[in-house]
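Subject: Structure handover

Hi,

Here is the structure I promised to pass on to you. Have a look at it first, and then read on for what I found.

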Amino acid sequence: MRGAKVAVEMLKEQGVQTVFGHPGGAVLPLYDEIYSSGLRHILVRHEQNAAHMADGFARVLKRPGVCIATSGPGATNLITGIATAYMDSSPIVAITGQVATAVMGNDAFQEVDAFGLMMPVVKHNWRIEEAAEVPRVFREAFHVASHGRYAPVHIDLPVDVQNAEVPDEFIAAPHTPRRRGPKKDLSRLLDAIKFIEEAEAPVIMVGGGARWSNAGSDILRLAEMIQAPVVTTLMGKGSVAEDHPLVLGPVGMHGKMVATYVLNNCDTIIALGTRFSDRSTGKLSEFGKQQRIVHVDIDSSEVGKNVGHVVGLVGDVYTVTHALIAGLERRTRKTNTAWMERVRGLKKECACDFNYSGQPILPQKIVWELNRLLPDDAILTTEVGRNQMWAEHFYEVRGQRLYLTSGGLGTMGFGFPAAIGAKVAAPDRFVMDLAGDGSLQMTMKEFATARENDINVAVLVMNDGALGMVLQWQRMFYGKRYSAVHLGKIPDFVKIADAYGCEAVHVDRNSELPDAILQAQNAETPFLIDVTIDQDEDMLPIMPPGKSAKEVILGPRCIWKGGETVASPVPARP
Amino acid sequence: MQVLSLLVHDDWGVMQRITAVFTRKRISIDTILAGPCEKEGCARVLLASADPKFPKMVEHVRRVHDVIDVEYIENNAEEFVLVRSALGRKPLSGKPDEVDLELAKEDGAAYVRAYGAM
């Protein structure tokens with residue numbers, strides 16, 4: 001069997017049914033095999049989007065998505081998508097073609113050092129130089145991507161290897177992974193339990209790791225047990241149901257004031273699967289100074305990386321949460337603590353009604369309508385910018401809802417292809433990309449892919465005619481010197497959608513919004529809603545970059561009174 | 001001077017992966033020693049640096065998929081020798097004269113040696 005055929009067989013062996021990709025000279029043998037393989041191939045219009053689609057797919061199913069590109073520009077185009085997945089720990093197996101081994105290093109046509117270029121943005125990658133290696137490397141790649149901390153991996157596959165014969169015994173040989181299971185270290189479990197037991201004002205901070213290990217309900221059980229409110233980072237949003245009374249919502253740069261306040265005024269932080277990104281903590285030197293911190297992460301190198309003085313537990317969130325529950329179960333349970341009473345009071349102070357009516361439409365109103373109208377199993381993806389932050393702050397991820405966003409790398413253009421990947425993973429669920437006009441223009445060519453493959457996703461464009469987040473920062477921090485942020489009203493997104501054979505509507509009034517959202521849910525094609533929003537409406541509150549939680553700018557609409565209005569029965573622990 | 005001793009799979013790009021970890025963390029490696037070792041398909045890499053962050057890199061280096069094991073060696077010596085004797089590998093370090101004396105006792109065993117930077 002030739003290398004290309006073995007590669008396809010290995011994909012099938014791993015349970016892959018769909019691959020996202022774009023062909024080219026150096027992957028022709030592979031595509032020749034895909035032709036008759038029974039694999040569903042989704043032809044993208046740009047390789048970057050193949051990676052984003054595989055990423056979106058993986059985030060829904062929690063198993064590796066597969067993307068394929070050719071050598072040279074195909075490989076370089078993939079990199080943004082792979083780096084996006086790497087920062088958010090999403091499993092992808094990326095396959096790139098490569099020039100023949102005989103001419104490698106000679107600057108052959110479409111040759112680039114994809115192996116070297118990918119290295120910093122993948123957990124591991126392989127350059128296969130012998131066809132006999134194909135079975136082992138493919139099996140190893142899937143193992144590496146989906147064990148331990150999830151991450152993308154990359155296989156560089158020269159064209160002559162694709163054509164060379166693989167001896168049968170190599171295909172039949174059983175695979176032994178190089179590394180078995182993730183390394184766990186629970187040696188400090190008793191310290192952690194002691195900290196939690198002694199805590200008078202504990203908080204559980206949940207990051208993306210909780211979502212990857214599906215530990216939402218277990219975390220809530222722990223929270224109920226120790227009477228701790230739960231706050232989430234951007235990546236952790238949705239890992240715990242946000243309609244649960246103990247869940248306060250997102251923290252960080254654009255988090256909810258109650259969550260940020262409680263996180264910074266508790267005495268013990270139980271951090272589950274978060275890497276303490278600067279966007280979540282604010283100024284790192286100010287973060288966690290007053291608190292005892294239990295840090296749970298699957299990746300031992302994360303413990304102590306951004307925040308020192310922690311009790312570190314290395315393991316996946318699900319396992320460690322259960323270890324904590326088991327350790328705490330026999331101790332006296334707390335009920336109705338003074339701390340929780342205070343938190344409940346504070347939560348009321350942060351419960352603003354953002355059903356604003358304004359003309360032009362205010363973005364908060366759009367999210368309010370989405371909260372109301374999207375089904376309980378809807379998948380919402382976002383682009384990057386103010387659209388993402390409005391969704392983070394106001395969108396309620398309840399029931400089976402999912403919220404997918406590019407948190408670490410912050411890749412504009414992620415949301416639309418990720419929505420397509422998510423829809424492929426979950427064809428029966430309603431998938432919407434909440435976009436900005438700037439972000440969507442980076443990847444809107446994929447309307448062709450969506451239309452051609454009947455992947456009926458919806459896109460809601462918050463159209464402010466500008467790169468909104470940059471505009472806001474220039475307004476707030478650079479003295480209103482607006483440099484290269486105005487996009488104007490070009491293009492007409494409805495006509496763009498129409499050109500791709502997709503349905504679309506303009507929305508200029510609040511009253512038209514619900515209809516448009518319902519129309520999108522019943523559409524027979526991909527659907528676009530172009531909503532003109534107020535360019536001057538800033539995403540507030542904001543914790544300015546490099547500042548701490550004490551320096552949050554609230555803005556005129558925020559009803560938060562500073563947190564001191566509800567008396568504190570709990571003194572801060574030195 | 002501080003030393004990290006690594007056992008790695010001898011695959012394409014392994015040095016590139018390891019050095020990239022230090023580049024990203026803004027740590028300069030003063031000395032690199034690398035070569036094949038007693039285990040088939042594996043290699044040993046010795047890295048030395050005076051950077052105070054260097055000892056904390058153990059977990060970051062361990063993350064590299066090709067790295068099998070990492071060991072941190074606190075070392076203020078002027079000379080460092082890794083000897084392969086019948087009993088396994090053995091590090092020797094200290095002042096050059098003392099180390100050479102120790103090495104002479106090993107009676108012709110294979111070794112790697114580094115001066116100064118270590």
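This is a predicted model: local features need pLDDT of at least 70, side-chain atom pairs count only at pLDDT 80 or more; totals for chains, interfaces and linings use all residues.

A word on contacts before anything else: two residues are in contact if their C-beta atoms, placed from the backbone, lie within 7 Å.

Residues are numbered from 1 along each chain as its sequence is written, and chains are lettered from A and ligands numbered from 1 in the order in which they are written.

In helix H16 of chain A (residues 363-373), the buried residues are Pro363(A), Gln364(A), Lys365(A), Ile366(A), Val367(A), Trp368(A) and Leu370(A).

Helix H12 of chain A (residues 257-264) is mostly covered, with eight of its eight residues buried. They run from Met257(A), Val258(A), Ala259(A) and Thr260(A) to Tyr261(A), Val262(A), Leu263(A) and Asn264(A). Around them in chain A, the buried residues of H12(A) pack against strands S7 (202-206), S8 (230-232), S9 (247-250) and S10 (268-272), and against helix H15 (338-349).

Helix H15 of chain A also holds Lys347(A). Is Lys347(A) buried or exposed? Lys347(A) is buried, because 20 other C-beta atoms lie within 10 Å. Setting aside residues up to four places away in sequence, Lys347(A) touches Leu248(A) and Val258(A). There is also a C-alpha separation of 9.6 Å between Lys347(A) and Val262(A), which are 85 residues apart along the chain.

For the geometry, axes are lines fitted to C-alpha atoms (for helices, over the stretch in contact), and angles run from 0 to 180 degrees between N-to-C directions. Angles under 35 degrees count as roughly parallel, over 145 as roughly antiparallel, 65 to 115 as roughly perpendicular, and the rest as oblique.

Helix H1 (residues 3-13) and helix H6 (residues 134-145) of chain A have axes that come within 9 Å and cross at roughly 30°, so H1(A) is roughly parallel to H6(A). H1(A) brings Gly3(A), Val6(A), Ala7(A) and Met10(A) to the contact, and H6(A) brings Val134(A), Pro135(A), Phe138(A) and Arg139(A). By class, six of these residues are nonpolar, one is polar and one is charged. The classes are nonpolar for Ala, Val, Leu, Ile, Met, Phe, Trp, Tyr, Cys and Pro, charged for Asp, Glu, Lys and Arg, and polar for the others, Gly among them.

In the second pair, helix H3 (residues 47-61) and helix H18 (residues 415-425) of chain A pack at about 45° with their axes 7 Å apart, which makes H3(A) oblique to H18(A). Residues in this contact include His52(A) and Phe57(A) of H3(A) and Ile420(A) and Val424(A) of H18(A). Its make-up is twelve nonpolar, four polar and two charged residues.

Chain B has three helices and seven strands, in the order β-α-β-β-α-β-β-β-α-β from the N terminus. Its C-alpha atoms fill a box of roughly 40 × 35 × 15 Å along the principal axes, and 26% of its 118 residues are buried.

Val21(B) sits in helix H1 of chain B and is partly exposed, because 19 other C-beta atoms lie within 10 Å. Beyond its neighbours within four places in sequence, Val21(B) is in contact with Met57(B), His60(B), Val61(B) and Val64(B).

How many residues does each chain give to the contact between them? Chain B gives nine and chain A gives ten. On the chain B side, helix H1 (14-24) and helix H2 (58-62) each supply at least two residues, and H1(B) gives the most, with three. That side has two nonpolar, four polar and three charged residues.

Best wishes

Methods. Helices (H or I, at least four residues) and strands (E, at least two) are DSSP runs, numbered from the N terminus. A residue is buried if 20 or more other C-beta atoms lie within 10 Å of its own, exposed if 12 or fewer, and partly exposed in between; C-beta atoms are placed from the backbone.
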